[in-house]
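Reader: I've got a model open on my screen and I'd like to learn how to read it. Could you walk me through it?

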Amino acid sequence: MQNIVLAIHIILAILLIGAVLMQRSEGGGLGIGGGGNAKTGSRGGLDGLGKATWYLAAGFIATSLTLTIMATQSTGTASILDSLVDSAPVSSEGAVDESNALPELPSDTPTE
């Protein structure tokens, strides 16, 4: 199931890139400096390619969320911190096992 959603995700990504690249440039960057009058506004309505871009973007986001949810469910843990707590060595009394701790280094001062 995850492979099917991933294949759809890749196809949507390629189509979305193509749809964005085929659109006409508005010029002026970020819609600044458009020379429309007050009645019509500086931007016209969406054409077919603009609507297709919105639908492809919505599908891309939906497949991204779906893949994220599938990956989270397959790991079995909800957080990285949960896996760190589970991997700490604990003795039978509930204290942290110090048998794997580094040994203390001898001091350089001579003892008399």
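Reader: Let me start with one residue. Leaving aside neighbours within four places in sequence, which residues is Thr53 in contact with?

Author: Before that, keep in mind that this is a predicted model. Once you set aside the neighbours within four places in sequence, Thr53 is in contact with Leu16, Ala19, Val20 and Gln23. Thr53 itself sits in helix α2.

Reader: Is Thr53 buried or exposed?

Author: The general idea is to look at relative accessible area, where under 20% means buried. Thr53 comes out at 12%, so we call it buried.

Reader: And what does its side chain reach?

Author: The side chain of Thr53 reaches the backbone oxygen of Leu49, at 2.8 Å.

Reader: Let me zoom out. How many helices and strands does the protein have?

Author: There are three helices and zero strands. Going along the sequence, the pattern reads α-α-α.

Reader: How do I describe two helices that pack together?

Author: For two packed helices, you give the angle between their axes and the distance between those axes. Here, take helix α1, residues 2-22, and helix α2, residues 48-75: their axes come within 9 Å and cross at roughly 150 degrees.

Reader: What does that angle say about how α1 and α2 run relative to each other?

Author: Angles over 145 degrees count as roughly antiparallel, and therefore α1 and α2 are roughly antiparallel to each other. As for handedness, the α1 and α2 crossing is left-handed.

Reader: What kinds of residues, by class, make up the contact of α1 with α2?

Author: The contact of α1 with α2 has 17 nonpolar residues, seven polar ones and no charged ones. On the α1 side you'll find, among them, Leu12, Leu16, Ala19 and Val20. The α2 side includes Leu49, Thr53, Leu56 and Phe60.

Reader: Ala19 turned up in the Thr53 list. What does Ala19 touch, again leaving aside neighbours within four places?

Author: Ala19 is in contact with Leu49, Thr53 and Leu56. Ala19 belongs to helix α1, and at 5% relative accessibility it counts as buried.

Reader: What about Gly50: buried or exposed?

Author: Gly50 is found in helix α2 and is buried, at 6% relative accessible area.

Reader: I always have an eye out for histidines. What does His9 touch, not counting residues up to four places away?

Author: His9 touches Phe60, Thr63, Ser64 and Leu67. His9 lies in helix α1, and its relative accessibility is 14%, so it counts as buried.

Reader: Across the whole protein, what share of residues counts as buried?

Author: Of its 112 residues, 10% count as buried.

Definitions and conventions: Residues numbered from 1 in each chain as written. Predicted model: local features only at pLDDT ≥ 70, side-chain atom pairs only at ≥ 80, totals over all residues. Heavy atoms only, no water. Axes fitted to C-alpha atoms, helices over the stretch in contact; angles between N-to-C directions. Helix = DSSP H or I, 4+ residues; strand = E, 2+ residues; numbered from the N terminus. Parallel < 35°, antiparallel > 145°, perpendicular 65-115°, else oblique. Left-handed = near helix turned anticlockwise from the far one by under 90°. Contact = heavy atoms within 4.5 Å. Nonpolar A, V, L, I, M, F, W, Y, C, P; charged D, E, K, R; others polar. Buried < 20%, exposed > 50% of the residue type's maximum accessible area, 1.4 Å probe, protein only. Polar contact = N/O pair within 3.5 Å; in protein donor to acceptor, adjacent residues only side chain to side chain.
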